[in-house]
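Let's take a friendly walk through this model together. Have the sequence and the 3D view at hand as you read.

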Amino acid sequence: MTALATLPPAQFKSELKPIWCPGCGDYGVVQAIYRALSAIGRPPHEIAFISGIGCSSRIPGYTTAYGFNTVHGRALPIAQGLKLANPDLLVLVAGGDGDGFSIGGGHVPHAIRRNLDLTYIVMDNQVYGLTKGQLSPTSPKGLKTVTSAYGSLESPINPLLQVLSCGAGFVAQSTPADMPGLAAVIEEAIRYPGFSFVNVQSPCVTFGEEDQQVKAHKGRMQSLASKGHDPADYLKALELATHYGVELYTGVFYRNPNPPATYDAQVRERQAELQKTAVPRERILEMFQKG
Amino acid sequence: MATQGINFQNLSLKDALDLAVLIEEEARDRYLELAEQLETHHTPEAAVFFRKMVRVEEIHRSQLDKRRHELFGDMPMTVTRAMIFDIEAPEYDEARADMSVQAALQASMRSEKKAHDFFARALPEVRDEAVKALFSELRDEELEHQRWVQLELDRAPGEPNPAFDDSDEPVAL
Amino acid sequence: MRDIVIGMAGSGGDGIVSAGESLIAAAASLGFHAMMTKSFGPQIRGGESSCRVRLSTRELHSSGGALGVAIALNWEDFLKFGSELRCDDATVVIYEAKTGVLPEHIPLGNIKPREIMAVPLAELTKQSAGTEKAKNSLVLGLLSGWLGLSQDTLRKGIQRRYGKKGEEIVNGNLRAFEAGRQYADAHPSQTPLRLDAPAAATTKILTDGNDITAAAAIFAGCQFFGGYPITPSSEVMQFLGKEIWKYGGAVLQAEDEIAGIGTAVGASFGGKKAMTATSGPGMSLKTEILGLATIAELPLVVVNVQRGGPSTGLPTKPEQSDLYQACFSAHGDVLRPVLAPTSVADSFHCTVDAFNIAERYQTPVIILSDQEIAQRKETCDPIDTSKLVVEDRKRPTPEQLEKYTRFAASPDGISPISHPGMKGGAYLAAGIEHTESGAPSASGAVHARMNDKRFNKLLPLESWSGAVTVAGDAGADLALIAWGSIGGVALEVLDLAQAEGLRLKVLVPRLLYPVPKEVYRSFLRNVNSGLVVEQSHQGQLYKILRMELDLPKGLVSYCRSGANPIQPSEVLAKLKALSADARRSLS
Ligand SMILES: Cc1ncc(C[n+]2csc(CCOP(=O)(O)OP(=O)(O)O)c2C)c(N)n1
Ligand code: SF4
Ligand SMILES: [Mg+2]
């Protein structure tokens, strides 16, 4: 049997009491994160948890890690700056579907192409929770919400396909209906050396649809492992991702078998190389000297 | 309800007892979370019931823990919470703002049934006689708990007519 | 001659700006004080270009007024620069004879220049270098002759500039230079143009506001820059992109300005000094995250190199119209220090000050530079950095980390700040209002308390000794207030006024916001009249001062939209008129 975790999950739980609606899927997500962090074993002060704004973005405050609850849609840039300032940190980024794929959507492809060693967890409830049930970029077409009284006219974004097509090295999906699976993919995502993405279908009990609740998920979810999917198979991963919104696949869609060097690792290399050529800071102006 | 990395066939009595302790601990912690959620969301009656369950599960846990220590002293534990998920603990999504005591009891009933099923399903795999005896005992206890919850359910006030619900709209932030 | 302004214009291919670069580099190494501004047409390549080089034996504060020497490689291009290459009756005009324009017909309207010389520039170049391309070296030869600038230094400059291109090019350019020189000797100007020797021929630094700002950031310990390219600020990022790695730092070119400031805020949260730089349109995008840095009390330096606005406005021209934005663009009650450098050298000090203020008070600080200072090349005396203090944020002691409270109340409102990786220091930073411990709160009492904390901690700034530069006659009742690059114009006005015996005092604020009220009050105590001069349509500083202070009635605004240089002479005339009015109304 496995060795005892030196840091039990409870070590990662803060004193702050969540104010999510009872029954919200995000309660499960935070528990899964406690478990994953316990398995990883880094102490809380070496972990920084950055989020945007939304119900889901409250999550850092419920952990004992350093947290930064930033502004709507901007968690990824702030996390990247932090990671470059201190590459030794374990940096988690989290937020909602609106935070990540609507207002912050412009940052996603760039975070992926830069490939810093970050783990981005989106709690995808297909709705705007915090602002009371408006249409989200992942809401199914035709959904009636307070901002789409007669049904939405636009098609949803497919976060899995988008992130895969941008070249993310690790892409997974899960749901709090499968707690062990959820904790496991989050742990695996953290262990992946590079940008990793976990789409959590995290039900909104207050504004979400019936078929998006935990009970419904339990009936619908299918693990990719049980379907015999090989996470090294990129093309198959793309194909499976096209079923987003129809099928609820859980587990790892894609894990790059040959992870390229991360941005932060390359920054370190460059710093080490160029530091040899530095003139002392106090003499920086000498380069402008004439004559 | 799930387990990870447990081999029931060669489970020792020490590990079995430790697992039982952890199962009660998990249930206790979950009830505490649900109680806190409901306290934060002005659902006091159901919260009171969940608090009661916290105490009940803690009593079970400490009884089992005592037995474990009588038999095995401070021998290190080799099973962890990561190996079990929601065995006797109610599911995360069982709580609802404004839920009735009835609904809370029903949630509890579902988890007692889950726990019973867990031991019932594990038993055929178990080889060790002492572990078998322990698991049968625990399975039967879960039946006992179910009867207790049923009694509470019978005594509980009926579900209020949902048509009376006139709660304020959820708040936008 | 002690002071001269040379203005040149041609098409981009003439390399007239590179002639200016060579001229100022030589002047700097000879110990002259010098300043150079460039201006271009809207084309990326193949447009018209111009430069102004001012050389002096005394310290300079502005790029000067009307040209002493005007060089037009062709008139069409020259005229496009209108007010930037203003000529008057003291100007010596030199132009390409090939244009076929007769000296009495040069297209300068009513202006009757002091001297006009049509020089066969193209022809002389072709004859000497074998190609017209070396025209800029010929121009240098001419100037070397007429101004009496060391041939050796200019020749060395040519060798350095073209060395990489091979001997043929170097020699061609040297021959063109020689031809120019000989032409000048054979055709001496009627007007005396020879420059006096510089008083103390000390070695000078030669650089522009953007580069020195970036160098100052490194000196101040900046280790992260996140930004998005925008004219006229991009050079800050470009300089740091070459240098910052050497100091263990990093530069990230973000996908937009929001991400640029976002990454910088992240790095600051990570415990490192961080900066971003932009111009108007980018500044507008950064507003929300600036507020985040204020409420999360994170040090951050944001450079806004102002250009003409609103919107895309005038991307390559200076204006001082972002002051309201710098001070006030925020939702919520925000007090955000705003600094403005008054020269290239001051950009160094201003940037160091900005980092110190940001770190000391845990706040974002805005540096409001402008296109003029940012892209103007200027000589400065070497800066003795050993005299400068570099501050770091107050970090928690081991005892404080035992029971850490991120926003703990303290007499000065400044709480020790931890960063991820620091054991015992974990806290939740947030844009949402929070208690001392960092826990989110919507309590009015907490909000009021925290607003007090965030405002009170900045109070000492109002009496900061570096907040303003004051010069002139302390007892004068006539005052001049100007900021940024126009602050330099004000100091020139003071020189002119003193030469004419006009009693004047000048205040140039470096700290624009919060307004250092006591400093202004004591400066204005015996003032009857004066001007607040600004390069903007609204006169934003004047209005802010009126909001915060009781100004003397006779102190009025004098302002004009960007890209229309404000000349020292016109300000002086205005001041004289004001002073005469005031005297009349008194008597
Ligand atoms: C710039 C800005 N625009 C709008 C908002 C209001 N707002 C807060 S959260 C949110 C959307 C929340 O939806 P999502 O990101 O899916 O998170 P959830 O609440 O569903 O977890 C919006 C629109 C804001 N805070 N900032
Ligand atoms: S509104 Fe929805 S997403 Fe937000 S806390 Fe409630 S259940 Fe969760
Ligand atoms: Mg959502």
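How many Å is an oxygen atom of ligand 1 from a polar backbone atom of Val127(A)? The separation is 3.1 Å, where a polar contact is a pair of N or O atoms within 3.5 Å (within protein, one must be able to donate a hydrogen and the other to accept it, and residues adjacent in sequence count only if both atoms are side-chain atoms). The protein covers 77% of the 590 Å² of accessible area that ligand 1 has on its own (Shrake-Rupley method, 1.4 Å probe).

A word on the ground rules: this is a predicted model, in which local features need pLDDT of at least 70 and side-chain atom pairs pLDDT 80 or more, while totals for chains, interfaces and linings use all residues. Residues are numbered from 1 along each chain as written, chains are lettered from A and ligands numbered from 1 in written order, and side-chain values use heavy atoms, without hydrogens or water.

Now turn to chain C, where Val236(C) sits in helix H8, residues 234-243. Val236(C) counts as buried because its relative accessibility is 0%, and buried means under 20% (1.4 Å probe, protein chains only). Beyond neighbours within four places in sequence, its contacts (heavy atoms within 4.5 Å) include Phe225(C) and Met275(C).

Note on methods: Helices (H or I, at least four residues) and strands (E, at least two) are DSSP runs, numbered from the N terminus. Buried means under 20% relative accessible area, exposed over 50%, partly exposed in between (1.4 Å probe, protein chains only).
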